[in-house]
Amino acid sequence: MVIIHYSAASCCCVPSLHRSSPSRSILAPAIFFFRDAAPNLRLVSVWSQPPGSEGFGEPNKHSSRDASVGFSASSSSVIDFLTLCHRLKTTKRKGWVNHGIKGAESIADHMYRMALMALVSGDVPGLDRERCIKIALVHDIAEAIVGDITPSDGVPKAEKSRMEQEALSKMCELLGGGIRAEEIKELWAEYENNSSLEANLVKDFDKVEMILQALEYETEHGKVLDEFFLSTAGKFQTEIGKSWAAEIISRRKSLSAKRPR
C-alpha cells in the first residue's frame, strides 16, 4: 500500500509492481510525477508496502532482509573475488603431491567433480540437491588463501577451522559483503558443522571424490594409495555415499586382481 499526502499540487501515479511469493513479499518502488504551479514535472520514487505491513517510519521485521534483496556487488568487487579464486585452480591438492603424483588435481578440480556428484545424485526425500551443489562449490573456497591443509601438516582441527573461517571472512569482504557473501558464509558453516542433510551428503561426496581420484591415480601411475581408502572406511553417513564408495572399492578389488604379481 502507498500512502501519499499532498496539497494543491496535482499528481499522477505510475503503479508499482508488487511481487509476492508464499514465503515473502518484495517491496517495489512506486513512481510519482508531481506537477507544480510552473509547468515542471518532478520525479519522486516512493517504496510501496505490502498489505497489512507496518506504516512508514515504523520498524518492519522484514526490512533488513528486504533491503538486501536488490543488493549486488560491484563489478570491481566481483572480479577481485574471482581473481582470488583463481588460486583454487592452480593450487594442487597436497595429499597427491605428497605421494609424488605429477599433474595432481587442483582444489577447484576436486570441488567441481563434487558439484557434479550433487547434480547427478538421485532424489532423496527432504534433500535440496541445488543446495548440495552450492555447498560443494564453496566448501573448500577458503583454501584460496590458506592452501590445502592436510592431516600430515599437524594443524589441529580447531585451528584449521579458525584459519579457514578468517580467510572466508576476508574473501567475503573482498566481494563487498551483502546477500551473496552472507550466503557463501552460511553454506560454508553448514558444511563445516555438518548441520544438515545436505551437508551430510556433501561430506560423503568429499570422501567419494577422494577415493575415486585415488583409484584413478593408482591405475594411471601404478601406485598403491591404501591410506586414502583406510581413512574413509566406515565414515560415510548417507546411503548414496555408502553405495558409491562400495562401487569404487569393488572396482579397485577387480583391478587389483587383474594385476600381475
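Residues are numbered from 1 along each chain as its sequence is written, and side-chain values use heavy atoms, with hydrogens and water left out. Because the model is predicted, local features need pLDDT of at least 70 and side-chain atom pairs count only at pLDDT 80 or more, whereas totals for chains, interfaces and linings use all residues.

**Exercise 1. The protein as a whole**

State how many helices and strands the protein has, and what share of its residues counts as buried.

Solution. Step one concerns the elements: helices (H or I, at least four residues) and strands (E, at least two) are DSSP runs, numbered from the N terminus. The protein has eleven helices and five strands. Step two concerns burial, where buried means under 20% relative accessible area, exposed over 50%, and partly exposed in between (1.4 Å probe, protein chains only). Of the 261 residues, 34% count as buried. Step three concerns contacts, meaning heavy atoms within 4.5 Å. Among contacts with a separation of 6 or more, 59% join residues 24 or more positions apart.

**Exercise 2. Helix H2**

Compare the reach of helix H2 with its expected span, and identify the helices against which its buried residues pack.

Solution. The expected span of a helix is 1.5 Å times one less than its number of residues. H2 covers residues 75-90, which is 16 residues, and an extent of 22 Å is expected. From first C-alpha to last, H2 reaches 23 Å, close to that value. The next step is to list its buried residues: Ser77, Phe81, Leu84, Cys85 and Leu88. These pack against helix H4 (107-120), helix H6 (143-146), helix H7 (157-175) and helix H8 (179-192).

**Exercise 3. Helices H7 and H8**

Determine how H7 and H8 are oriented, and describe the setting of Cys172.

Solution. Axes are lines fitted to C-alpha atoms, for helices over the stretch in contact, and angles run from 0 to 180 degrees between N-to-C directions. The axes of H7 and H8 come within 9 Å and cross at roughly 165°. H7 is therefore roughly antiparallel to H8, given that angles under 35 degrees count as roughly parallel, over 145 as roughly antiparallel, 65 to 115 as roughly perpendicular and the rest as oblique. Residues making this contact include Leu168 and Cys172 of H7 and Ala181, Ile184 and Lys185 of H8.

Attention then turns to Cys172, which lies in helix H7. With a relative accessible area of 2%, Cys172 is buried. Beyond its neighbours within four places in sequence, Cys172 contacts Gly177, Ala181, Ile184 and Lys185. The C-alpha atoms of Cys172 and Lys185, 13 residues apart along the chain, are separated by 7.8 Å.

**Exercise 4. Helix H5 and Ala136**

Solution. Ala136 is found in helix H5 (residues 129-138). Its relative accessible area is 0%, so Ala136 is buried. Leaving aside neighbours within four places in sequence, Ala136 touches Met111, Met114, Ala115 and Val202. Arg131, Lys134, Ile135 and Val138 of H5 meet residues of H8, among them Ile184, Leu187 and Trp188.

**Exercise 5. Helix H9 and its surroundings**

Explain why H9 is described as largely enclosed, and examine its relation to H11.

Solution. H9 (residues 197-221) has 25 residues, and its end C-alpha atoms are 36 Å apart, in agreement with the span of 36 Å at 1.5 Å a residue. Of those 25 residues, 18 are buried, so the rest of the structure largely encloses H9. H9 and H11 pack at an angle of about 10°, with their axes 9 Å apart; H9 is thus roughly parallel to H11. The contact involves Phe205, Val208 and Leu212 of H9 and Trp244, Ile248 and Leu255 of H11, among others.

Ser243 belongs to helix H11 (residues 239-258) and is partly exposed, at 44% relative accessibility. Asn194 lies in the loop between H8 and H9.
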